[in-house]
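Hi,

Here is the structure I said I would pass on. Have a look at it first, and my notes on what turned up follow below.

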Amino acid sequence: MISGEDVHLADFDRRLVGSERDEDIKESLYKEEVPTLVKWHEKLHAQGTHGIVVVLQALDAAGKDEIIRYIFSNLLPQGLKHTSFGKPSEEETKHDYLWRMAKAMPERGQIGILNRSYYEDILSPKINDILDDEPIPEDVIKDDIWEKRYRQINDYERYLTENGFPVVKFFFNMSKETQKERLLERLTDPEKNHEFSFSDLDDRGHWDEYQEVFEEMLDNTSTDIAPWYVLPADNPWLARKIASQALIKVMEEIHPDYPSFAKEEEEDVEKAIDALKNDEI
């Protein structure tokens with residue numbers, strides 16, 4: 001977890017254990033963290049007072065889709081909301097850049113998973129220089145637009161948290177070599193061809209630029225109220241375990257519980273129990 005630091009991604013290990021040890025972590029993950037997540041999520045959904053916003057940010061092949069498949073898919077389906085973000089639609093570009101986030105936000109009792117997020121409205125324009133193609137007033141597109149967006153995003157995440165929707169953010173820190181291996185697998189394995197997009201290669205061509213922009217993003221938006229967790233994405237199972245532990249920590253802080261019957265309902269509850277036991281209903 002980082003908060004308010006001068007971030008250099010090269011200082012963060014992308015691989016902490018060997019492949020064999022990483023596979024061993026899978027067993028402990030499903031034995032320890034996943035059952036704990038399931039129980040807390042059931043209580044979160046039953047209580048219905050808080051929601052959680054999970055942000056997944058990374059280059060392609062870093063593990064965003066896989067953490068949804070292997071971790072979040074174990075949770076209560078009606079307590080989940082999943083949204084993937086790509087290039088804004090024509091309708092979305094006619095609104096402020098945070099407008100499209102509203103319909104992706106979870107209800108109370110849900111975990112909302114943002115596969116990419118509002119951070120794309122900083123990352124992509126900075127890499128591809130596309131702001132001029134959007135109908136944004138000239139007086140808005142100034143040299144300090146990125147500083148303004150960082151501030152606006154920090155304010156947005158504080159707003160969500162203060163309204164009962166804490167934000168948990170995961171950045172998948174993947175090496176260039178590991179991405180190459182995973183992209184080649186998608187190209188050569190017929191069962192994984194559908195996961196490949198030629199745009200992945202375009203982004204890979206901007207690898208160094210992305211690292212710089214990611215560092216700036218982490219520098220400016222990892223706060224005490226919504227810190228970033230930098231995951232060792234070359235170790236997929238370890239990354240999922242760390243992310244699960246972070247999410248458990250947030251739920252422990254919320255500490256939801258199953259709601260009980262109100263005192264005025266207790267007499268009716270007893271009558272219902274007796275009626276059912278005596279086959280009166």
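This is a predicted model: local features need pLDDT of at least 70, side-chain atom pairs count only at pLDDT 80 or more; totals for chains, interfaces and linings use all residues.

On to the cavity itself. The structure has one cavity of 30 Å³ or more, and the volume of the largest cavity is about 40 Å³.

Gln211 got a closer look from me. This residue sits in helix 8. Is Gln211 buried or exposed? Its relative accessibility is 12%, so Gln211 counts as buried, the cut-off being under 20%. Its side chain has a polar contact with the side chain of Arg14, at 3.4 Å. If you skip residues up to four places away in sequence, Gln211 touches Leu9, Arg14 and Leu59.

The largest pocket comes out at about 590 Å³. It is lined by 25 residues, and those closest to its centre are Arg182, Glu185, Lys192, Pro236 and Arg240. Helix 1 (19-47), helix 2 (64-70), helix 6 (176-188) and helix 9 (236-254) each give two or more residues to this lining, and the largest share, five residues, is from helix 6. By class, the lining has 13 charged residues, eight nonpolar and four polar.

The second largest pocket has a volume of about 460 Å³. Of its 24 lining residues, Lys87, Glu120, Ser124, Asn128 and Asp203 are the closest to the centre. At least two residues each come from helix 4 (120-128), helix 7 (198-204) and helix 8 (207-221). Which helix gives the most to this lining? That is helix 4, with six residues. The classes here are ten charged, nine nonpolar and five polar.

Next, helix 5, residues 145-162. With 18 residues at 1.5 Å a residue, helix 5 should span 26 Å, and its end C-alpha atoms are 25 Å apart, so the two agree. Its buried residues are Ile145, Trp146, Arg149, Tyr150, Ile153, Asn154, Tyr156, Glu157 and Leu160. The spacing in that list brings to mind a general point: an α-helix has 3.6 residues a turn, so residues three or four places apart point the same way. What do the buried residues of helix 5 pack against? They pack against strand 1 (52-57), helix 4, strand 4 (167-173) and helix 8. After helix 5 comes Gly164, with a positive phi near 90°.

Last one: Ile248, which belongs to helix 9. Its relative accessible area is 9%, so Ile248 is buried. Ile248 and Leu37 are 211 residues apart along the chain, yet their C-alpha atoms are separated by 6.1 Å. Neighbours within four places in sequence aside, Ile248 is in contact with Glu33, Thr36, Leu37 and Trp40.

Cheers

Terms used:
Residues are numbered from 1 along each chain as its sequence is written. Side-chain values use heavy atoms; hydrogens and water are left out. On a 1 Å grid over the protein atoms alone, a cavity is a set of points where a 1.4 Å probe fits but cannot get out, and a pocket is an open set with protein on both sides within 12 Å along at least five of seven lines; lining residues have an atom within 4 Å of a point. Grid points are joined across faces, edges and corners, and a volume is the space filled by probe spheres set on the points. Helices (H or I, at least four residues) and strands (E, at least two) are DSSP runs, numbered from the N terminus. Ala, Val, Leu, Ile, Met, Phe, Trp, Tyr, Cys and Pro count as nonpolar, Asp, Glu, Lys and Arg as charged, and the others, Gly among them, as polar. The expected span of a helix is 1.5 Å times one less than its number of residues. Buried means under 20% relative accessible area, exposed over 50%, partly exposed in between (1.4 Å probe, protein chains only). Contact means heavy atoms within 4.5 Å. A polar contact is a pair of N or O atoms within 3.5 Å; within protein, one must be able to donate a hydrogen and the other to accept it, and residues adjacent in sequence count only if both atoms are side-chain atoms.
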